[in-house]
Amino acid sequence: MKVTIIPCGEPVNESESVAFNRLKSELRNIDPGARWDSTDEWILLTNLAFSVTHQFQSDDIDLIALGPSGVRVIEIKH
């Protein structure tokens with residue numbers, strides 16, 4: 001399955017980088033079978049800033065995965 005990563009910011013730590021690459025690899029290895037079409041695609045948005053605090057620090061969403069089965073919001077921890 002096709003996977004496109006769109007980095008919206010830099011990974012905060014090594015755990016995020018490892019998680020992004022692992023998810024990308026796992027999604028690419030999905031056998032579409034009867035559930036999905038072989039032309040389906042996953043889009044991964046990484047480190048997406050969604051607000052800025054009064055201290056000018058942005059909050060971010062670690063990963064948003066958009067795919068044929070819907071949208072997933074993922075918070076990555078060590």
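How many helices and strands does the protein chain have? The chain has one helix and four strands, taken here as DSSP runs numbered from the N terminus, with helices being H or I runs of at least four residues and strands being E runs of at least two. Read from the N terminus on, the order of these elements is β-α-β-β-β.

A word on the ground rules. The model is predicted, so local features need pLDDT of at least 70 and side-chain atom pairs count only at pLDDT 80 or more, while totals for chains, interfaces and linings use all residues. Residue numbers start from 1 along each chain as its sequence is written, and side-chain values rest on heavy atoms, with hydrogens and water left out.

Along the principal axes, the C-alpha atoms of the chain fill a box of roughly 50 × 20 × 15 Å. Of its 78 residues, 23% count as buried; buried means under 20% relative accessible area, exposed means over 50%, and partly exposed is in between, using a 1.4 Å probe and protein chains only. Among contacts (heavy atoms within 4.5 Å) with a separation of 6 or more, 53% come from residues 24 or more positions apart.

Now for the inside. In soluble globular proteins, nonpolar side chains tend to be buried together. In this model the largest nonpolar core has 10 residues, namely Met1, Val3, Phe20, Leu27, Trp36, Trp42, Leu44, Leu63, Ala65 and Ile76. Helix H1 (14-28), strand E2 (41-52) and strand E3 (58-67) are the elements that give two or more residues to this core. Such a core is a set of buried Ala, Val, Leu, Ile, Met, Phe, Trp, Tyr and Cys residues joined through side-chain atoms within 4.5 Å.

H1 has 15 residues and spans 21 Å from its first C-alpha to its last, close to the 21 Å expected at 1.5 Å a residue, where the expected span is 1.5 Å times one less than the number of residues. Glu16, Phe20 and Leu27 are buried in H1. Seen down the helix axis, the buried residues of H1 fall within an arc of 45 degrees, so they line one face; the arc is that of the directions from the axis to the C-beta atoms. Glu14 and Arg22, on the other side of H1, are exposed.

What about the charged side chains? The structure holds two salt bridges, each a side-chain nitrogen of Lys or Arg within 4 Å of a carboxyl oxygen of Asp or Glu. Arg22 pairs with Glu26 in one of them, with the closest N and O atoms 3.2 Å apart. Both residues lie in H1, four residues apart, or about one turn of the helix. Arg22 is exposed, at 56% relative accessible area, whereas Glu26 is partly exposed, at 43%. A salt bridge also joins Lys77 to Glu75, with 3.4 Å between the closest N and O atoms. Here Lys77 is exposed, with a relative accessible area of 62%, and Glu75 counts as partly exposed at 49%.

Glu16 is another story: this H1 residue is buried yet has no salt bridge. Its nearest side chain of opposite charge, that of Lys77, is 8.2 Å away, with Lys and Arg counted as positive, Asp and Glu as negative, and His and the chain ends not counted. Leaving out residues up to four places away in sequence, Glu16 touches Pro11, Asn47, Asp62 and Ile76.

That brings up Asn47, a strand E2 residue that is buried, with a relative accessible area of 4%. Phi of Asn47 is near 50 degrees, a positive value in a residue other than glycine. Beyond its neighbours within four places in sequence, the contacts of Asn47 are Cys8, Gly9, Glu10, Pro11, Val12, Glu16, Phe20, Asp60, Ile61 and Asp62. Gly9, one of these, lies in the loop between strand E1 (2-7) and H1. With a relative accessibility of 24%, Gly9 counts as partly exposed. Apart from residues up to four places away in sequence, Gly9 touches Thr46 and Asn47. Gly9 and Asn21 are 12 residues apart in sequence, and their C-alpha atoms are 15 Å apart in space.
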